[in-house]
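My entries follow in the order in which I looked.

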Amino acid sequence: MNKFQVLIVEDDPPIRKLIATTLKTHDYKYLQAESGEEALMQASTCGPDVMFLDLGLPDMDGVEVIKKIREWSNMPIIVISARSEDEDKIEALDAGADDYLTKPFSVEEMLARLRVMQRRIALLKSDTETVESSVYINGDLKIDFAAGCAYKNDLELKLTPIEYKLLCLLAQNTGKVLTHKYITQKIWGSAWDSNVASLRVFMATLRKKLEDEDAHDSMIQTHIGIGYRMLKVDGKN
Ligand code: CA
């Protein structure tokens, strides 16, 4: 039995029903809201673990809902957007959403996104338990935050200060899509276009140092036109 409670925020009844039925079948607990106001009320009174949020709501823009929730909560928010334009997703991610689904989506994809959030929550819990060690381990990557060093297969990576900062930022947000704007603001303190271009260059050199030439999958996933995401890799040991 899943103990996770999911808040479904969607004004379109067939889609809401589809999500609810799918969650029920997979033993998730769920709550439903049809408007932004209702979503904010449910979120504050019931404290769900994860929220699925439609961006086009009758009373307010979904991005406004995200901004209001982020004033007091870090609960994972997965945006559901009927609009395929990247700008809407980017705006939602910049406002603090964790992931997104574009309509139409398959229930399998929806469940997979939800599992990612569950793993992230579990990871955060174990992180807070081992906060004193301040060491990050993901597959064969290890970051010792206190020492300011990163290792791959126990060999120290020769990273420039910017590459190290970039790696730490991605690692601290494992599983989460970080937009170009978010990253450049964190690294350079601004989001100029020239910084986005620099980001691509630093990301390329970081990847080269981080990944085996014969690796099939990249640990850092590119979301074209949006940003990057560090994936949780299964440990070998
Ligand atoms: Ca809608």
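**Domains.** I took the domain bounds from an automatic or database domain assignment, and on that basis the protein chain divides into domain 1 (2-127) and domain 2 (132-230). I noted that this is a predicted model, in which local features need pLDDT of at least 70 and side-chain atom pairs count only at pLDDT 80 or more, while totals for chains, interfaces and linings use all residues. Residues are numbered from 1 along each chain as its sequence is written, and side-chain values use heavy atoms, with hydrogens and water left out. Taken over C-alpha atoms, the centres of domain 1 and domain 2 are 26 Å apart.

**Where the domains meet.** I counted contact as heavy atoms within 4.5 Å, and found 13 residues of domain 1 in contact with 12 residues of domain 2. For buried area I used the accessible area (1.4 Å probe) that two parts lose on being put together, summed over both; between domain 1 and domain 2 this is about 990 Å², with carbon and sulfur atoms giving 53%.

I then looked up salt bridges (a side-chain nitrogen of Lys or Arg within 4 Å of a carboxyl oxygen of Asp or Glu), and the count between the two domains is 2. The side chains of D99 and R229 meet in a salt bridge at 3.3 Å, N to O. For the elements I read helices (H or I, at least four residues) and strands (E, at least two) as DSSP runs, numbered from the N terminus. On the side of domain 1 that touches domain 2, α4 (86-95), β5 (99-102) and α5 (107-129) each supply at least two residues, and α4 gives the largest share, 5 residues.

**Calcium site.** Which protein atoms hold the calcium ion as donors? I took donors as N, O and S atoms within 2.8 Å of the metal (3.2 Å for Na, K and Ca), and since water is not among the atoms, sites may look incomplete. The protein donors are D11 (OD), D54 (OD) and G56 (O), lying 2.2 to 2.4 Å from the ion, and along the chain they follow the spacing D-x42-D-x1-G. D11 lies in the loop between β1 (5-9) and α1 (13-25) and D54 in strand β3 (residues 50-54), so the pair ties together parts that are 43 residues apart in sequence.

**Salt bridges in the whole structure.** I found 12 salt bridges in the structure. One of them joins the side chains of D98 and R70 at 3.0 Å, N to O; D98 lies in the loop between α4 and β5 and R70 in helix α3 (residues 62-70), so this pair ties together parts that are 28 residues apart in sequence.

**Backbone details.** The peptide bond from K103 to P104 is cis, with omega near -5°, and P104 lies in the loop between β5 and α5. I also noted D27, which has a positive phi of about 60° although it is not a glycine, and which is found in the loop between α1 and β2 (29-33).
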